[in-house]
Amino acid sequence: MTQGPGFQSVLSAAQAGADWALTVLYRDLHPPLVRFLSAQEPVEGEDLASEVWLDVAHGLSRFEGDESAFRCWLFTIARRRLIDLRRTRARRRTGPVPLEQLIDRPDPSETFAGVEAGEALACLAALPPAQAEIVLLRVVAGLDSYEVAAVTGRKPGTVRVMQKRALERLAELVTSKQSRVTR
Amino acid sequence: MSPWRDLESEMQRLPLDADTADRLLAGSVAPQDAPPGYAGVATLLRVVADSPSANDLSRESEDVALLATVVRSSQPKLTKPRRRSIVPRLRLATAFATVALAGATGLAFAGSLPGAAQDVASTMLAKVGVSVPGPNSNAGDHPNVRGKSPDAPVTSSNSGKGSEISDLATSTDLTGVEKGAEISTLASGGQSQAGKRGQAFEAQGAPVETPNSGGTGTADTASGGQSSQGTAIASAASDDHSVAGSDNAAGGQSHRP
């Protein structure tokens, strides 16, 4: 949350189509949005983020709420876009892709600057998808457990249990990785 | 000395409670303050949270320009309320009136309108030279009794009575109860008893004398002589005090203070 009390004036200007206000919102929320999407869909993340911003632009004049609500709204749209993409992909099932064609596919770790971030992302990718999504919404999107519950349509108690299990699983993964490195 | 990462894997990991998990995810727990076995997780979460993607804002100017265009185009348009033209409504009313007139004329030609309406239509159309059947054209030899009701019977006894009563009311010298009684008597044909309050007893004749003795005898007769036995039984039971009480009462003596 970076706008603070000035968020309402930024929002009003953005709703009127002011470039400066839209830039403020974009700079604040686009990086976590891309990271959230790219962590789950490394190839499509950037395009999905653009689609999310278009959805936001279409509905911006009708939006009412504070900065937290705006962030929740944005990531709710992002999550739905992800779900839509996966459904579309499931409908368009194709045959197996030859291995040599996958060489040019971007590595998820390349999406993030630095090798450490790539390793961290690889650990997150090893989590069950629902748990990984919750961790990303907490850590990347900066939402609390209640906001994550609202975005994902789960109960806050369920989110707390899932995030605890995700961290326990991450601890196992980190430990096993460290033990492999030290041997 | 081994770095903390080496020691980390050797530490026994304790079960994580929900609050600590919440604080770890919120980034409020530093790796060195994390529970045993979770320092690596805290580091990993910080890396994920802090690392910007390689090309986060590379398309900022294009994206913002596109956003501004879309936002401006999807603004709710303020439209002035349009004044409704009266012409369509006028046309509709004219069409309705034409249809109604044509229908009524058709029914008038067929003689199917109700009697009064057929009469009016026949009269009006006759003035413009159009002949339509009258209301009784299909009646044959039935009498035309439309709109007539039988005359009310006139009773001779009531004729002129109102004016007579009115004259009496304005001309009599009587006042108060007597005046009301006289008028009432005239109005009711002598049947009213107004103004005779308190005289009903006399009007019904002489008073009837009612015997106040002989009740005991009547009771004795009615009960087959058993009613007098009650007195005897009461006297015996009270050692003649009940009789004495009666005597005392008859003699005007009372034991009451």
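Visitor: In what order do the elements of chain A run from the N terminus on?
Guide: In this predicted model, they run α-α-α-α-α-α-α-α-α. Helices are DSSP runs of H or I with at least four residues, strands are E runs of at least two, and both are numbered from the N terminus.

Visitor: How many helices and strands is that?
Guide: Chain A has nine helices and zero strands.

Visitor: And what percentage of chain A is buried?
Guide: Of its 183 residues, 40% are buried, that is, 20 or more other C-beta atoms, placed from the backbone, lie within 10 Å of the residue's own.

Visitor: What is the mean pLDDT of chain A?
Guide: The mean is 84, and 83% of the residues in chain A reach 70 or more; pLDDT is the predictor's confidence in each residue, from 0 to 100.

Visitor: Where is the pLDDT below 50?
Guide: Over residues 105-115 of chain A, a stretch that has 27 contacts in the model beyond near neighbours in sequence. Two residues are in contact if their C-beta atoms, placed from the backbone, lie within 7 Å.

Visitor: How are residues and chains labelled?
Guide: Residues are numbered from 1 along each chain as its sequence is written, and chains are lettered from A and ligands numbered from 1 in the order in which they are written. Local features need pLDDT of at least 70 and side-chain atom pairs count only at pLDDT 80 or more, while totals for chains, interfaces and linings use all residues.

Definitions and conventions. Buried ≥ 20, exposed ≤ 12 C-beta atoms within 10 Å, placed from the backbone.
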